[in-house]
Amino acid sequence: MFSAPFQKVLNELKVSATHLNDSERKELDEKGFVVIPDHLPHSLREQLIETVESIFLEEGPAAGIQQQNDSVNLNQFGQEPGARRLSDLVNKGEIFKEIYLDPKLLSAVAHVLQRDFKLSSLNARDVSKGNGYQRLHADWKQDYDQRFHVFNSIWLLDDFTEDNGCIRVVPSTHQLNPPELTDPNDIHPEEQSVVAPKGSVILMNAHLWHGGQKNLNGQSRRVIHAYYTASEHPQQTSQFDHLKYKTWLNLDESAKVILGLETSKN
Ligand SMILES: O=C(O)CCC(=O)C(=O)O
């Protein structure tokens, strides 16, 4: 369970079991994911789109480049061919706190990980027409040891449709070892596309088998991934290595704990 200091941080951030209703909790427990529609208010979604697009513009061909630990599907430069990616959004706008400190999201992470945790990475992803297919994978690479170690959330800035490369998942695989499919194009008989309207957030036990799909019609499917890990594991984006002083100045103690910058204090 949580250390007393971490529980205090959760209380300060208004994280509580009541954020998930019984059916959301049941889906997360049984299927390994749950879609929360209308979670992003319209104006926040618009501001996020504006911010994300301005970062894409500013970073140009360097967008997404970052040394990341243990990334799935990324090349040596932290980029994914055919996908627009951004890394390290913690440093790229106060607005992203609305995501990584969201009380409902943190309540789901707390429910699944059941011990102190921290943000592992905060990235954005979009895929262009004809691209985006990923082999089925789990974000946790080791065998299932009766505990969960990682949690992901996918914030939909655009609709996820069958044709623009929405994510696919294999429900209820979160208590299995990661998939060992030999052919990257293998289709799992039980895989499902997750179709959902913009403004939704997909809360996902990141042990679940999942993968991006090909964007067939070229419509935008911009998402933000807020990914967490239990506190004993390294972060995908090390905040100690990357956090800028100007970001630090605007963080309160609770945010620093969620970013893994402070061990929680009494
Ligand atoms: O954006 C998505 O649809 C999922 C991406 C994903 O699973 C990954 O990049 O590992």
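Predicted model: local features only at pLDDT ≥ 70, side-chain atom pairs only at ≥ 80, totals over all residues.
**Ground rules.** I used local features only at pLDDT of at least 70 and side-chain atom pairs only at pLDDT 80 or more, while totals for chains, interfaces and linings use all residues. I number residues from 1 along each chain as its sequence is written.

**Sheet.** I looked up an open sheet of three strands, ordered β6-β5-β8, with antiparallel pairing. β6 (192-193) and β8 (209-211) are at the edges with a single partner strand each, so one side of each has no neighbour in the sheet. Strands here are DSSP runs of E, at least two residues; helices are runs of H or I, at least four; both are numbered from the N terminus. Two strands pair if DSSP finds at least two bridges between them. I found three bridges between β5 (residues 168-170) and β8. Valine 170 sits opposite tryptophan 209 of β8.

**Core.** I then turned to the largest nonpolar core, which has 62 residues. Such a core joins buried Ala, Val, Leu, Ile, Met, Phe, Trp, Tyr and Cys residues through C-beta atoms within 7 Å. Helix α5 (residues 103-113) gives the largest share, seven residues. Tyr100 is among those with the most contacts inside the core.

**Positive phi.** Most residues other than glycine have a negative phi. Aspartate 38 has a positive phi of about 55 degrees. I place aspartate 38 in the loop between β1 (33-36) and α3 (42-59). Glutamine 114 also has a positive phi, about 60 degrees, and lies in the loop between α5 and β3 (117-127).

Definitions and conventions: Buried ≥ 20, exposed ≤ 12 C-beta atoms within 10 Å, placed from the backbone.
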